[in-house]
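This report goes through the side-chain pairings of one protein chain. Please look at the sequence and the structure first.

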Amino acid sequence: MNLPPTKGHLLIAEPSIIGDVSFNRSVVLLADHNDNGAVGFIMNKPLEHKLSDFIPLLTCCELPIFNGGPVEQDNIYFIHTIPHLIHGSTEIASGIFWGGDFENVIELIKNNKIKKEEIQFFLGYSGWDTEQLNQELEEKSWVVVENNYKESILTKCCPTLWREKIIELGGDYLIWSNAPENPHYN
């Protein structure tokens, strides 16, 4: 069931990751995976902040910001589905792109040229050194699955995504789909 980690795949946190504030019940989209390591973004942990909290020029719209991971949480990152509008982006997988000209993005948002479902912003990212992710996979901290949502993953960015993916895994995972986040509350 566990696929090899590849950019574009999803990392589903095993239910056994308890007490890890960043990764407990996380779904991470791998934006890159190579011999130097891996980079991804947590797709299901919205923050209370909006993009306009960080860029006051963007009071026109209240785009959410997600916790992308514990690395460089003082930087804003983004993934999107509109490379024809955002130049300089890198393809993650078919229809999903990472980064690009941020000044261009601000102008597009100010001019209402980007729809909420076409872009997702993150504070920080998730990163692993060369062998770190492989070690975590061997320790059964993650399940690697294909992103069957494709570019629609941006519309799935919500706190219930982990539960949905756990239900899809089925079998022994089903019991965890309704368990409280902190088992001590059970």
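Two rings of Phe, Tyr or Trp, the six-membered ring in the case of Trp, count as a pair if their centres lie within 6.5 Å. The model is a predicted one. In it, ring pairs join F41, F66, Y77, W98, F122 and Y125 into a cluster.

**Aromatic pairs**

The count of aromatic pairs comes to ten. One of them is formed by F78 and F121, with 5.9 Å from centre to centre and 45° between the planes, which makes the pair tilted. F78 belongs to strand β6 (residues 71–80) and F121 to strand β9 (residues 119–128), so this pair ties together parts that are 43 residues apart in sequence. F78 is buried, and F121 is buried too.

A pair is also formed by W128 and W142: their ring centres are 6.1 Å apart, the angle between the planes is 85°, and the arrangement is edge-to-face. W128 is in strand β9 and W142 in strand β10, and the pair links these distant parts of the chain, 14 residues apart. Both tryptophans, W128 and W142, are buried.

**Salt bridges**

How many salt bridges does the structure hold? There are three.

| Salt bridge | N to O distance | Lys | Glu |
|---|---|---|---|
| E107 and K110 | 3.1 Å | K110: 33%, partly exposed | E107: 38%, partly exposed |
| E146 and K150 | 3.8 Å | K150: 40%, partly exposed | E146: 48%, partly exposed |
| K165 and E168 | 2.8 Å | K165: 3%, buried | E168: 44%, partly exposed |

An α-helix has 3.6 residues a turn, so residues three or four places apart point the same way. E107 and K110 are three residues apart in helix α2 (residues 102–110), which means that about one helical turn separates them. K165 and E168 are likewise three residues apart, in helix α4, and about one helical turn lies between them.

**Helix α4 and K165**

Helix α4 covers residues 161–169, and K165 is found in it. Is K165 buried or exposed? K165 counts as buried because its relative accessibility is 3%, and the cut-off for buried is under 20%. The side chains of K165 and E168 are also joined by a polar contact of 2.8 Å. Leaving aside neighbours within four places in sequence, K165 is in contact with L10, I12, V27, V145, E146, N148 and Y149. One of these, E146, is itself a partner in the salt bridge with K150.

The buried residues of α4 are L161, W162, K165, I166 and L169. Seen down the axis of α4, these buried residues fall within an arc of 135°, so they line one face of the helix. What do the buried residues of α4 pack against? They pack against strands β1 (10–13), β2 (27–34) and β10 (142–145). Just after α4, G170 takes a positive phi of about 65°.

**S52 in helix α1**

S52 is found in helix α1, which covers residues 51–54. S52 has a relative accessible area of 12% and is therefore buried. A polar contact of 3.3 Å joins the side chain of S52 to that of E62. Not counting residues up to four places away in sequence, S52 touches L58, T59, C61 and E62.

**Cysteines and disulfides**

A disulfide is a covalent bond between the sulfur atoms of two cysteines. How many disulfides does a search of the whole structure find? The search finds zero. For C157, the closest cysteine sulfur is that of C158, at 7.8 Å, which is too far for a bond. The cut-off for a disulfide is a pair of sulfur atoms within 2.5 Å. C157 is buried, with a relative accessible area of 13%, whereas C158 counts as partly exposed at 24%.

Notes. Residues are numbered from 1 along each chain as its sequence is written. This is a predicted model: local features need pLDDT of at least 70, side-chain atom pairs count only at pLDDT 80 or more; totals for chains, interfaces and linings use all residues. Side-chain values use heavy atoms; hydrogens and water are left out. Helices (H or I, at least four residues) and strands (E, at least two) are DSSP runs, numbered from the N terminus. Buried means under 20% relative accessible area, exposed over 50%, partly exposed in between (1.4 Å probe, protein chains only). A polar contact is a pair of N or O atoms within 3.5 Å; within protein, one must be able to donate a hydrogen and the other to accept it, and residues adjacent in sequence count only if both atoms are side-chain atoms. Contact means heavy atoms within 4.5 Å. A salt bridge is a side-chain nitrogen of Lys or Arg within 4 Å of a carboxyl oxygen of Asp or Glu. The arc is that of the directions from the helix axis to the C-beta atoms. Rings of Phe, Tyr and Trp (its six-membered ring) pair if their centres lie within 6.5 Å; planes under 30 degrees apart count as stacked, over 60 as edge-to-face and the rest as tilted.
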